[in-house]
Amino acid sequence: ADTGLLDDALAYEKTLGNDRFIPLIHVEPNIREVLSHLRQKYRTAIATNRGKSLRPLLAYHGLTSMFDMVVSSYDVSQPKPDPECLNIILKHFRLMPEEALYIGDNEIDQVLCERAGMTFIGYKNPSLRAAHHIGDHFELLEILAYTLLP
């Protein structure tokens with residue numbers, strides 16, 4: 001941003017396609033099984049700073065129907081860690097922050113949850129401040145079996 005080239009870089013980025021990169025992104029183990037199980041009882045959503053590649057990525061991996069809502073960087077005025085993305089999701093589902101949880105793998109996600117007042121579960125990153133840590137999505141099912149989430 002300090003070079004004066006930000007506008008040029010953003011304009012160039014919009015000309016790039018994602019098609020050649022999407023096949024290089026792999027789905028985490030067990031995510032389909034866990035999402036299928038979760039959707040029997042819970043609503044699922046994505047809040048991400050990913051932009052134009054998100055929907056094609058979900059479609060490529062057959063995950064589009066696994067989420068009730070998707071909020072990307074294109075849907076907010078402020079990216080994470082600003083809680084706008086989570087507030088949109090909470091409002092849509094008519095939930096309070098304490099009725100939801102967020103899974104993330106980096107400090108931005110941790111700060112996001114702290115700002116939103118939402119329970120944070122750290123994924124494959126034990127250095128994060130989180131209510132729980134998981135290394136596999138199946139562990140989420142164990143955690144939810146012992147929580148009071150609706």
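Predicted model: local features only at pLDDT ≥ 70, side-chain atom pairs only at ≥ 80, totals over all residues.
The mean position of the 15 positive charges in this chain lies 6 Å from the mean position of its 20 negative charges.

The chain contains six helices and five strands. Read from the N terminus, these elements follow the order α-α-β-α-β-α-β-α-β-β-α. The radius of gyration is 16 Å, close to the 15 Å that the globule rule gives for 150 residues, so the chain is as compact as a globular protein of that length.

How much of the chain is buried? Buried residues account for 36% of the 150 residues. The accessible surface of the chain amounts to about 9500 Å², and carbon and sulfur atoms supply 54% of that area. Contacts also show how the chain folds back on itself: of those between residues at least 6 apart in sequence, 48% join residues at least 24 apart.

Now to the charged side chains. Side chains of opposite charge can pair when their charged atoms come close. How many salt bridges does the structure hold? There are four, and three of them are described here, one after another.

R39 sits in the loop between α2 (31–38) and β1 (45–47), while D68 sits in the loop between α3 (54–60) and β2 (69–71). The two residues are 29 residues apart, and their pairing links distant parts of the chain. R39 has a relative accessibility of 31%, which means that it counts as partly exposed. D68, at 30%, also counts as partly exposed.

Another salt bridge is formed by the side chains of D109 and K80, at 2.8 Å from N to O. D109 belongs to helix α5 (residues 107–116) and K80 to the loop between β2 and α4 (84–93), so the pair ties together parts that are 29 residues apart in sequence. Are these two residues buried or exposed? Both D109 and K80 are buried.

Helix α5 also contains E114, whose salt bridge partner is R129. Here the closest N and O atoms are 2.7 Å apart. R129 lies in the loop between β4 (119–123) and β5 (132–134), 15 residues from E114, and this pair too links distant parts of the chain. E114 is partly exposed because its relative accessible area is 44%. R129 reaches 54% and therefore counts as exposed, since the cut-off for that class is over 50%.

H137 is found in the loop between β5 and α6 (138–145). Why does H137 count as buried? Its relative accessible area is 9%, and buried means under 20%. Leaving aside residues up to four places away in sequence, H137 touches E28, P29, I31, V34 and Y123.

N87, by contrast, is in helix α4. With a relative accessibility of 41%, N87 counts as partly exposed. Where does G104 stand relative to N87? The two are 17 residues apart along the chain, and 16 Å separates their C-alpha atoms.

Key
Residues numbered from 1 in each chain as written. Heavy atoms only, no water. Helix = DSSP H or I, 4+ residues; strand = E, 2+ residues; numbered from the N terminus. Buried < 20%, exposed > 50% of the residue type's maximum accessible area, 1.4 Å probe, protein only. Rg over C-alpha atoms; globule rule 2.2 N^0.38 Å. Contact = heavy atoms within 4.5 Å. Areas by Shrake-Rupley, 256 points an atom, 1.4 Å probe, with all protein chains shown as cover. Lys, Arg positive; Asp, Glu negative; His and termini not counted. Charge placed at Lys NZ, Arg CZ, Asp CG, Glu CD.
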